[in-house]
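Hello,

The structure we spoke about is below, sequence included. My notes on it follow.

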Amino acid sequence: MAEPQLDVKKPSVRIQSHKENDFIEVELDRQELSYQNLLQVSCCELGINPEQVEKIRKLPNTLLRKDKDILRLLDFQEVELILMKNGSSELTEYTPSLLEKPCYNSNAAKLTY
């Protein structure tokens, strides 16, 4: 007998980058949908510090600013994190490997496919 699926929203997230354009799917509990939750889970999965994120953009061109914006996201909707600029005009280019910063989502482990 299959376990019931958890009630999650699954946006696709990436870091804005000139080199890397792949997305990862993150899973957010629908009971805890918020801007902060999206930021925390996305940063954990991508291996970056939340303080590095300047903005969150729903592609192609909409800034996400508050919890209501996050509630309107659809599954697999593409979102990108725009990182703070460092001393130069270039965005911080950092794409860690999955081995550098493992992030375990216990809720994701309970999902059945």
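This is a predicted model: local features need pLDDT of at least 70, side-chain atom pairs count only at pLDDT 80 or more; totals for chains, interfaces and linings use all residues.

Residues are numbered from 1 along each chain as its sequence is written, and side-chain values use heavy atoms, with hydrogens and water left out.

The sheet

R14 belongs to a group of β2 residues in which S12 and R14 point one way, V13 and I15 point the other way, and all are buried. Buried means under 20% relative accessible area, exposed means over 50%, and partly exposed lies in between (1.4 Å probe, protein chains only). Strands and helices are DSSP runs numbered from the N terminus, with at least two residues (E) for a strand and at least four (H or I) for a helix.

Five strands make up an open sheet of mixed pairing, in the order β3-β2-β7-β5-β6. Two strands count as paired if DSSP finds at least two bridges between them. The edges are taken by β3 (24-25) and β6 (62-64); each has a single partner strand, so one side of each is left without a neighbour in the sheet. Helix α1 packs on the sheet and touches β2, β3, β5, β6 and β7, and its direction makes about 105° with that of β5. Contact means heavy atoms within 4.5 Å; axes are lines fitted to C-alpha atoms, for helices over the stretch in contact, and angles run from 0 to 180 degrees between N-to-C directions.

Pairings, strand by strand:
- β2 (residues 12-15) and β7 are parallel, with four bridges; I15 stands opposite L81 in β7.
- β5 (residues 53-58) and β7 run antiparallel and are joined by five bridges; V53 stands opposite L83 in β7.
- β2 and β3 run antiparallel, with two bridges; V13 has I24 as its bridge partner in β3.

Strand β7 (residues 78-83) has five of its six residues buried.

The core

The largest nonpolar core has 20 residues, and those with the most contacts inside it are L38, I48, V53, I56, L64, I70 and L81. Such a core is a set of buried Ala, Val, Leu, Ile, Met, Phe, Trp, Tyr and Cys residues joined through side-chain atoms within 4.5 Å. At least two residues of this core come from each of β2, α1 (35-46), β5 and β7, and α1 gives the largest share, six residues. Leaving aside neighbours within four places in sequence, I56 is in contact with Y35, L38, L39, T62, L63, L64, V79, E80 and L81.

Two loop residues

K10 sits in the loop between β1 (8-9) and β2. K10 is buried yet has no salt bridge, and the nearest side chain of opposite charge, E27, is 4.2 Å away. A salt bridge requires a side-chain nitrogen of Lys or Arg within 4 Å of a carboxyl oxygen of Asp or Glu.

M84, in the loop between β7 and α3 (106-109), is partly exposed, with a relative accessible area of 40%.

Regards

How values were computed. Lys and Arg count as positive and Asp and Glu as negative; His and the chain ends are not counted.
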